[in-house]
Amino acid sequence: MIETFLMERMQSTYENFVDFDLSESGVRPVTLREMVQYGFDLDALMDAPLGYSQSNGTIELRERIAAMYPGSTINHVEVTNGTSEANYILALTLIRAGDSVALQVPNYLQFWGVPRSLGATVERFELACVDAVWDIDWDSFERAVTPKTRFVYITNPNNPTGAVLSRAAMERIVKRVEAVGAYLIADEVYQGAEIEGERSPSFWGMSDRVIVTSGLSKAYGIPGVRIGWMVGPPELIASCWTQHDYITICPNKISDHIARVAVSAGVRTQLYARTRSVLRENLPTLEAWAAEMGDFFEYTPPQAGAIVFMKYNSDAKSIPMCERILKEQSTLIVPGLHFGLESYIRVWLGSKPEYLRDGLARLRAGLAPLVGAGV
Ligand SMILES: Cc1ncc(COP(=O)(O)O)c(C=O)c1O
């Protein structure tokens, strides 16, 4: 038995039917035509036989991915159908019944349902907001990460907060992971979507207990081709390949071709720049909108990612509140509880500017009964 992945199910049920979908988390997707402009040879692909692709990713693609992770080779890389498949395969490969998994919360909750379905227990530790800065609550971290811990799962940059861990925090996490003999799965799918600052540092290379997962869905703006990857110690990657053979055999062949272009050094930086410019344009719109509601919202703007995680000043429970707004305003946002934290909502920043403006107007109408008269 596996429990419902609440956020994914809510999105897949409604996202294609609402007037405004503000529940997304990546930047608005790149088109195939744009990929051609970036150098993807569509014409050459027309004559390619649509056979199976290399099951762990073509050598060309793995070479280009390995080039992003210093010291890695193609044997450190497994290409998967999205970051989510990389995460799932790691869970299947690593978890044994009775293991413990340490999960950062708030978070993308794939590693709530999956480890529990495999007989593991999940211990949560908090990413807490103190004085407008999201940082690990170290007491809860020390309690959650013990010699029983099989792996620790972190998203950095974090979904839903958009926060990036400091170098000191990263070092402390890795030190503890090594001390208890666990692995660290660092999901870095938002890396490259930094709004202002430098590209956030990778956990890659900090220890041989580190496994990085990532993919094209967020910072690259290419979720529909479903390409992700994991980078880790070659023996572990070889075991993951075995799991992969049983699940989906290989990534989609057309997608592997597109991904080779997307991750190549020249194109990657252009895609990140595209993402950054969408986010820089949209963030002020959201900030002005939130400011109009006085002290209803309290939030720290994201450092990376097309998402804003906002605490609201009301006793309303986030799931029924979002369901009401969905029904009354045909507008979808994600309730905080879908990330493990009540009294928050997550709002998407990656759309076209006019779509964001109009969607926020609906959201504001939906929130009006809670904000009070005058809104
Ligand atoms: C942290 C995180 N990891 C993985 C995924 C899934 O990514 P993909 O579309 O590459 O499977 C998401 C999607 O929202 C995410 O937020």
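This is a predicted model: local features need pLDDT of at least 70, side-chain atom pairs count only at pLDDT 80 or more; totals for chains, interfaces and linings use all residues.

Visitor: In which sense do strand 3 and strand 4 pair?

Guide: In the parallel sense: strand 3, residues 100-105, and strand 4, residues 121-130, are joined over six bridges.

Visitor: Strand 3 begins with Ser100. Is Ser100 buried or exposed?

Guide: Residues under 20% relative accessible area count as buried. Ser100, found in strand 3, has a relative accessible area of 4%, so Ser100 is buried. Leaving aside residues up to four places away in sequence, Ser100 touches Thr121, Glu123, Lys148, Thr149, Arg150 and Phe151.

Visitor: How many strands form the open sheet with mixed pairing, and in what order?

Guide: Eight strands, in the order 2-9-8-7-6-3-4-5. Strand 2 (77-80) and strand 5 (133-136) each have a single partner strand, so they stand at the edges and one side of each lacks a neighbour in the sheet. From one strand to the next, the twist averages 20°.

Visitor: How does strand 2 join strand 9?

Guide: The two run antiparallel, with four bridges between them. Thr80, for example, has Gly228 of strand 9 as its bridge partner.

Visitor: Which way do the side chains of a strand point?

Guide: In a regular strand they alternate between the two faces of the sheet. In strand 2, Val77 and Val79 point one way, while Glu78 and Thr80 point the other way. All of these residues are buried.

Visitor: Which strands does helix 8 lie across?

Guide: Helix 8, residues 167-180, lies across strand 5, strand 6 (149-155), strand 7 (183-187) and strand 8 (210-215). The helix runs at about 145° to strand 7. Helix 4, residues 59-66, lies across strand 2 and strand 9 (228-231), at about 115° to strand 2.

Visitor: What is the order of the open sheet with four strands?

Guide: The order is 10-11-14-13, and the pairing is antiparallel. Its edge strands are strand 10 (297-298) and strand 13 (334-335), each pairing on one side only. Strand 10 is joined to strand 11, residues 307-312, by two bridges, and Glu298 has Lys311 in strand 11 as its bridge partner.

Visitor: Which helix lies across strand 10, strand 11 and strand 14?

Guide: That is helix 11, residues 265-291, which runs at about 10° to strand 11. Strand 14 covers residues 344-348.

Visitor: What domains does the domain assignment give for the chain?

Guide: Domain 1 consists of 6-31 + 268-367, and domain 2 of 50-265. Their centres, taken over C-alpha atoms, are 24 Å apart. Domain 1 brings 32 residues to the contact and domain 2 brings 38 residues.

Visitor: How is the size of an interface often given?

Guide: As the accessible area lost when the parts come together. Between domain 1 and domain 2, the buried area is about 2800 Å², and carbon and sulfur atoms give 54% of it. Of the area that domain 1 buries against domain 2, Arg268, Tyr272 and Gln303 supply 23%, more than any other three residues.

Visitor: How many salt bridges are counted between domain 1 and domain 2?

Guide: The count is one. To see how a salt bridge is read, take Arg280 and Glu196: they form one, with their closest N and O atoms 3.4 Å apart.

Terms used. Residues are numbered from 1 along each chain as its sequence is written. Side-chain values use heavy atoms; hydrogens and water are left out. Two strands pair if DSSP finds at least two bridges between them. Axes are lines fitted to C-alpha atoms, for helices over the stretch in contact, and angles run from 0 to 180 degrees between N-to-C directions. Contact means heavy atoms within 4.5 Å. Buried means under 20% relative accessible area, exposed over 50%, partly exposed in between (1.4 Å probe, protein chains only). Domain bounds come from an automatic or database domain assignment. Buried area is the accessible area (1.4 Å probe) that two parts lose on being put together, summed over both. A salt bridge is a side-chain nitrogen of Lys or Arg within 4 Å of a carboxyl oxygen of Asp or Glu.
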